[in-house]
Number of protein chains: 2
Amino acid sequence: MEKEKLLMTPGPTMVPPRVLEVMRRQIIHHRTKEFETIYDELEEDLKFVFQTKNMVLMFSSSGTGAMESAIVNLFSQGDKVLAISIGAFGDRFADIASTYGLNVQKLAVNWSEAVNVSEVKKILDADVNNEIKAILVTHNETSTGVTNDIEALGKLTKDTERLLVVDAISSLGGLDLQMDNWGIDLVVTGSQKALMAPPGLAYAALSDKAWEAVGKSKLPKFYWDYKKYRKGLLKESENPPYTPAISLLIAQAEALKMMKEEGLENVYARHKKLALATQAGVKALGLELFPDEKVSSYIITAVKAPEDIDIAKVIKTMNLKYDIMITGGQKHLKGKIFRIGHCGYTDGLDLIKTFAALEYSLSEAGYKVEMGASVGAVQKALL
Amino acid sequence: MEKEKLLMTPGPTMVPPRVLEVMRRQIIHHRTKEFETIYDELEEDLKFVFQTKNMVLMFSSSGTGAMESAIVNLFSQGDKVLAISIGAFGDRFADIASTYGLNVQKLAVNWSEAVNVSEVKKILDADVNNEIKAILVTHNETSTGVTNDIEALGKLTKDTERLLVVDAISSLGGLDLQMDNWGIDLVVTGSQKALMAPPGLAYAALSDKAWEAVGKSKLPKFYWDYKKYRKGLLKESENPPYTPAISLLIAQAEALKMMKEEGLENVYARHKKLALATQAGVKALGLELFPDEKVSSYIITAVKAPEDIDIAKVIKTMNLKYDIMITGGQKHLKGKIFRIGHCGYTDGLDLIKTFAALEYSLSEAGYKVEMGASVGAVQKALL
């Protein structure tokens, strides 16, 4: 019997049935009071999860689109930025910046590590002429399961001219990210990870300092032009400049209501608890985390694949036989790690089920497993 | 009693319940066989409605995003283009081109008219050094309810180096547009008009000539980079480069199935019949079409507002009292015209209902109406 797939992937993630239910509503027109009411509420709830007083702009696009929007709205050709990369998505941010002719100083960190904040401080201190206009950094690196310390980076840029630009696509709503308190200047994220909505929407919020940079930016833009979206949000009847993805927007509004009901602190605590339980399960299987435990992500756990085991086969068994999707490594990590997502609409029993299937699947691939050991460890950690 | 709003607007349009039903499906992961099967079928069905053998690229974005994608993928700074504008959306295409530093020669036509093809021919003939690399043109101008003759424009560019770039956002799937037969080089459209899906997806298809131009284009792009999307479609397991708006994609696939079942010829004939019936209704009300009847659109009818009548009030009554949304004029046409959309998931009885409500609403605003006259005219025209 085939069951609905349980997505224990880094995203897209499962969407709560309550959210799916509103997706089937007939389209309402976006130039109406009815729409405005939903849009106003959504805007307030986005500010809540962004932990900001700044307006949150919304785009019909994937997360990559929002990353590009940050580059084309903040900078001009030749502007120097420090792009911190700890994996595939950090690389992507640097690539986008290069595509638009920015002068990209890349700080590439070993895949499995977080950025060393004192190393960043050294680079900034050495930049005596303030050539580096911004830091581009990934909050949670999905490809390696590592989380960067954004709060510490914020302390380096907060009272300077420099901007801190954060890709929080996989993290926002799952990991604590205090935009205003930590002094972050631009945060981008997407609907399909911790925000528990289907893919197709992306968001950006800007500090006053970032808005000043927008005023100076000379890169060409039209669809991503932040000023147009701001204009729509400043109107008494808030309105997006282009036809928005109405069904997704209504779904996102519903998902955010659920997050408010649960409480952000509880949402973060749930993610942390699931992560620690995953780590306990991994250890009980006799396996090792890929990153150092201290920087291991609370929304996705990357695990070193056991030697002499075809991990692709394990992942396939999980998917086809047990209807649970976990994922392998990207780029040079293919075959070397596997990743378990525990992000968004996920609870402890989902995780227990995942470890039970993982025990079966590893065992079928020839790895020695004591049935129930990791499941028990996960259960205990979740108590 | 409030009823579900009937959207007789230029878009977003009503989505068939059968399509809404699939929107509530749980998210499936896009790196799976299950997704690939849906995506392959969608791709084939998109080719069918585009009337092309070319691959059709899909973006999570509004239609404007796809327009921008055409500019940044085909051209380089300083390239000269002839931008034909017969209304607000033609202006937008020209604006996007200017934003990216193209040398835009604008042919602005009176709002209410279609472009005069022999005038275009004269401009091209005068361009003896072939400086004009492309024509940018709107197929159906939503703001004025006028359709341009794309087939005739295609004859001017077909056997030349020049590209014909068509914004078919509101028209594709509602009006006949034979990409391959008419020699169109790039067509962009969106999901939320005649294609009967919710807003949030946009599409672009390119001729071989257009792909050659892509190879030469030097404008920066990342999210819109056509080559990345082509690479995904050329793989054995077709795959989009970024997480697609999965729910919308599944909805679009379902909507296209419905269009195939109805047959494209029947779909076009339905739109034409509804348009002619609308025209008959308008005349029976003693009102005049805004454009010349010969170029009046088959997917949206623009009507001159009766003098001494507050047309905004009529539109409001239609919406609040009768739950039917029609729309007013844009820019300088505000208060001067109203527009009835009959695009996508619309049938004759929707139109009859609309005219009944229009008779009531016009009458309430002080316009002299013989009850049933326009309804009868519409009925007869639909026989």
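**Exercise 1.** Classify Thr354(B) as buried or exposed, and state which residues Thr354(B) touches.

*Solution.* Thr354(B) has a relative accessibility of 0%, so Thr354(B) counts as buried (buried: under 20% relative accessible area; exposed: over 50%; partly exposed in between; 1.4 Å probe, protein chains only). The residue is found in helix α12 of chain B, residues 348-364 (helices are DSSP runs of H or I of at least four residues, numbered from the N terminus). Leaving out residues up to four places away in sequence, Thr354(B) touches Leu6(B), Met8(B), Met318(B), Ile324(B), Ile326(B) and Ile340(B) (contact: heavy atoms within 4.5 Å).

The model is predicted: local features need pLDDT of at least 70 and side-chain atom pairs count only at pLDDT 80 or more, while totals for chains, interfaces and linings use all residues. Residues are numbered from 1 along each chain as its sequence is written, chains are lettered from A and ligands numbered from 1 in the order in which they are written, and side-chain values use heavy atoms, with hydrogens and water left out.

**Exercise 2.** Find how many aromatic pairs there are over all chains, and classify the pair of Trp224(A) and Trp224(B).

*Solution.* Rings of Phe, Tyr and Trp (its six-membered ring) pair if their centres lie within 6.5 Å; planes under 30 degrees apart are stacked, over 60 edge-to-face, and the rest tilted. This rule gives 23 aromatic pairs over all chains. For Trp224(A) and Trp224(B), the centres are 5.5 Å apart and the planes at 20 degrees, a stacked pair. Trp224(A) lies in the loop between α8 (208-216) and α9 (226-234) of chain A, and Trp224(B) in the loop between α7 (208-216) and α8 (226-234) of chain B, so the pair joins two chains. Trp224(A) is buried at 1% relative accessibility; Trp224(B) is buried, with a relative accessible area of 1%.

**Exercise 3.** Classify the pair of Tyr229(A) and Tyr242(A).

*Solution.* The ring centres of Tyr229(A) and Tyr242(A) are 6.1 Å apart and the planes stand at 80 degrees, so the pair is edge-to-face. Tyr229(A) is in helix α9 of chain A and Tyr242(A) in the loop between α9 and α10 (246-262), 13 residues apart, and the pair links distant parts of the chain. Tyr229(A) is buried at 5% relative accessibility, and Tyr242(A) at 7%.

**Exercise 4.** State where the charged end of Lys228(A) sits.

*Solution.* The charged end of Lys228(A) sits over the ring of Phe222(A), 3.4 Å from the ring centre (NZ of Lys or CZ of Arg within 6 Å of the ring centre and within 35 degrees of the ring normal).
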